[in-house]
Amino acid sequence: MKFAHLDHPLLLPLLLILLACSAVYFFVPKARAFIGVSRGLFLLRAVVLTLLCIAVAEPYLEHERQESTALVFLDVSDSMDSSTSTKAMQNVTALGRGEVTLDVVPFADKSAAISFPLQGAGDFRQLQSSWGKLNIGATNVETALSGLLSRPAGSVLLLSDGNETAGDARKLIPQLRDAGYKVFPIVPEDAQNGSLRFHISSLHAPLVAPAQKSVEVRASVQNSSDREQRGQLEITHDKKVIFSQEVVLAPKSEALFTAQSDPSSEGIKEITALLKPEDSAIAASSESIFLSGQARERVLLVSSSEEDARFLKEALQSQAYQLENVIADAKGTSLPDLSKFSSVIFNNVAYDQIAKTSVNLLDSYVKGGGGFIMLGGNRSFGLGGYRGTIVEDILPVELLPPQTIKKRLNLAVELVIDKSRSMSDSDKIEYAKEAAREAIRALKDDDYVGVIGFDASPFVVAELAPLSSNREKASERVGRLFPAGRTNMLPAIEEARRSLLRANAGRKHMIILTDGKIPDEGPYYAELVRQMRLMGITVSTVLLGSDADPGMLETMADVGGGAFYQTSDPRSLPRIFLTDIKVGSGEQTMKEQEYLVRPGTSELRSTTIEAFPPIRGYVETKAKKTANLELVAFGNNVAEPLLASWAYGKGRSLAFTSDANGRWSSGWVPWPKFFTFWSELLDSVRQSNLDSQNIRFDLRYVVEHGMLTLDLSIFSEKPPGGVHATLAMPDGAAREIEFANISPGHYRTRVSDISAGKYTFNGVVDGKKLTPVAFALQGSLFGERRGEGYNMPLLYALADGTGGKINPNAQDIKSQVYKHIERQDLTTWFLATGLLVFLLEILLREVPKLFTVRWKLPRRAAKRQAVSRASS
């Protein structure tokens, strides 16, 4: 153990106090009596003071270990091939693993001011990108190695091709040798021969790819050797392989290979081509460029339920949009910031379901260039409360008020009734029979009715048939239901579905009654009901009692577009059945039957489709005078708006008065052109917004006389008023640049003080941002020459002149061994121990006093009692 501060000013006074107290206690009896503590307690106090003295002196332990260290000078200039250099880095890492600590120092025209562990440093491409402050368009080995002279002597690994564009490393050899440095160049075996040329000669792609679309990527491979060469060519886009193929080239030939970029990639991403020759004597080669994928436009879909949104969401998510789906299932739902979206869709959602602040912002949003679509349904247009609101001003149709009138729709109803053993309790089955009879009596002669009972299997009580010829027979047969067996609902629902599909009725409905838990309940029930909904069949469910979980029946009713009822009183079943099948009242503006879809009066079309399936319903509206009436619903010799559009300010608004949830559009959802139809409608309303967000442009760049010239062409209907940009340089600095107008739509600027590396261009035209793009200036523009092989004479001279060697082993670079001393501070340990001893001393001193007090108190009380008895 050693001490860091034996000269601490507090140490001597503490020691004198300790010695003085000990001398007085042990050699002066009267003083010991005055102090009044036992010898043991005094010793504990002396120990505390001793530990404090040691802590003040800051004690520590030293551990000595030996280790070998070596510096790795890594050339990150543009003449270094990334794949070959990455392989060399891996070999060096493996060389030092467990034997030598390796720290890397990147260099190009100069060396980095710091070093960091090679282990975990990533591949060569990552290192080169992260050290953009170095000019990768130049190589100066002399400057890099000269930095060694200020460091301790040792082994130096050099990962460089030795092709200097500045300086002369040979001048440093005597100084390095005299200072005790050994240079060990690392040269991959397949890179020592630069005369064999089988490489990627060029890689090209446009600067920008449209959203969700591919562009062509072209890679040229050249074989300048005297014999046929084979290899594997791989092209990746943001690390995703887009091309992989074996290539075979004849001597002295070149071939072009094309691939398609990844359409899902957004933002600036790197495209890399890698060629791995079959001949191990030839080094692999690679090239990289940058491609900017335009971000997908955002579309906001607002629906009143997931079922309403299901099919439209699926149609739009398969397109080139970022779809955000909002379910307004409560009053006053707030919408996200509309300015972030190119289009907004209201899908069968009522006015009071959306916050008024969000609705009011819709007017300025569309006038400013946004797109708006409203779809029909029982909660939309006039039925949804939009009449007289700002939304009606935006729409190309006039909204009609809901009016209650008597109407009749031909109806087919299947009653699916549980007749399992549990239905015998409390006369449940009798009330279920009476409910069925009431339903049969309430329906009209042109309606259809069928009754199916179920226990373990379905039992067709009454075939689905028109009541004009079946009413008495159906009512009589209902009486044949009797309870028996267990519950199995699924076959009965399937049987009812088949019957309803055969019925010639305008509306088809199924009522399911049960009193218990379904043993086999699962997602297939909801899926079957969802399929029936697409076929135009609605489903309601009735739960009798509270013994079962209503969750599945509620889901079935919700998915089926019907209603869910629960009652514990069997006597209420007739009323429930009558309520559910009642069709005596409805809204005049909601028309339901089969309608043909025909072209409207407008020559403008938002879709290229010419033929459409019929629809089963729509919300009645009237086209405004200047609106484009594109499609009409035709029935009963009347044609009314189905699809209308118009311009509203700088934006566009479109009204589709039918739905997209399968109720009225059951023939549209499975239609092969369903996705195309909605995609084209969305394109038609977002077109003006699209032009403002993605301005078409072309950027060309060239290096002349050490200056970077940027030529920018803007493709727009009217000439831009002002153009400026920010250019991110390879070293990370951002430069503001202004363009001069050369001709209409053509702009130019020049940038000085440039170097090789990645440049990112962010342009602004009339306040609107261009799609950011990136490009790389190759080192060849500044003197670097990739593919020239390794400068072996220089590398051998550095190795031989300093006592190193080409491609050393671990033992070679381990020759420089250093002692590493680690110091372990013990101050905290002594302080903590002193505190514990101090607490122990208090414990030993105070605890006995407590016991003494407790013992004396009972004795004094007993003595007082004895005195009291004696006196009496």
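1. In what order do the 5 strands of the open sheet stand, and what is their pairing? The order is 8-14-13-10-11, and the pairing is mixed. Helices (H or I, at least four residues) and strands (E, at least two) are DSSP runs, numbered from the N terminus; two strands pair if DSSP finds at least two bridges between them. Strand 8 (208-209) and strand 11 (240-249) stand at the edges, each with a single partner strand, so one side of each has no neighbour in the sheet.

2. On provenance: this is a predicted model, in which local features need pLDDT of at least 70 and side-chain atom pairs count only at pLDDT 80 or more, while totals for chains, interfaces and linings use all residues. Residues are numbered from 1 along each chain as its sequence is written, and side-chain values use heavy atoms, with hydrogens and water left out.

3. E234 stands opposite S244 in strand 11. The loop between strand 10 and strand 11 contains D238, a residue that has a positive phi of about 55 degrees although it is not a glycine. D238 is partly exposed, with a relative accessible area of 40%; here buried means under 20% relative accessible area, exposed over 50%, and partly exposed in between (1.4 Å probe, protein chains only).

4. N348 has a positive phi of about 50 degrees and is found in the loop between strand 17 (343-347) and helix 9 (356-367). N348 is buried, at a relative accessible area of 2%.

5. The surroundings of V302 may be considered next. V302 lies in strand 15 (residues 297-303) and is buried, with a relative accessible area of 0%. Residues up to four places away in sequence not being counted, V302 touches V326, A328, L335, I345, F346, N347, V349 and I354, where contact means heavy atoms within 4.5 Å. V302 and V349 are 47 residues apart in sequence, yet 7.1 Å apart in space, C-alpha to C-alpha.

6. Another open sheet has 4 strands in the order 34-35-39-38, with antiparallel pairing. Its edge strands are strand 34 (696-704) and strand 38 (740-743), each of which pairs on one side only. The twist averages 25 degrees from one strand to the next; axes are lines fitted to C-alpha atoms, for helices over the stretch in contact, and angles run from 0 to 180 degrees between N-to-C directions. Strand 34 and strand 35 (residues 707-715) run antiparallel and are joined by 9 bridges, and L699 stands opposite L712 in strand 35.

7. Helix 11 (residues 428-442) and helix 16 (residues 573-581) pack at an angle of about 35 degrees, with their axes 8 Å apart. The crossing is right-handed, a term that applies if the near helix is turned clockwise from the far one by less than a right angle. Helix 11 contributes K428, Y431, A432, E434, A435, A436, E438, A439 and A442 to the contact, and helix 16 contributes L573, P574, F577, L578 and I581. These residues divide into 11 nonpolar, no polar and 3 charged. In this division Ala, Val, Leu, Ile, Met, Phe, Trp, Tyr, Cys and Pro count as nonpolar, Asp, Glu, Lys and Arg as charged, and the others, Gly among them, as polar.

8. A salt bridge is a side-chain nitrogen of Lys or Arg within 4 Å of a carboxyl oxygen of Asp or Glu, and by this rule the count comes to 27 salt bridges. A network of salt bridges links E434, R437, E438 and R441; among these, E434 and E438 are also listed in the contact of helix 11 with helix 16.

9. Two salt bridges lie within helices. R498 and E494 meet at 3.5 Å, N to O; both belong to helix 13 (residues 490-502), 4 residues apart, about one turn of the helix. R498 is partly exposed at 36%, and E494 is partly exposed at 22%. In R530 and E527 the closest N and O atoms are 3.0 Å apart, and the two residues are 3 residues apart in helix 14 (residues 523-534), about one helical turn. R530 is buried, with a relative accessible area of 15%, whereas E527 is partly exposed at 31%.

10. A further salt bridge joins the side chains of R700 and D698 (2.7 Å, N to O). R700 counts as exposed at 56% relative accessibility, and D698 as partly exposed at 25%.
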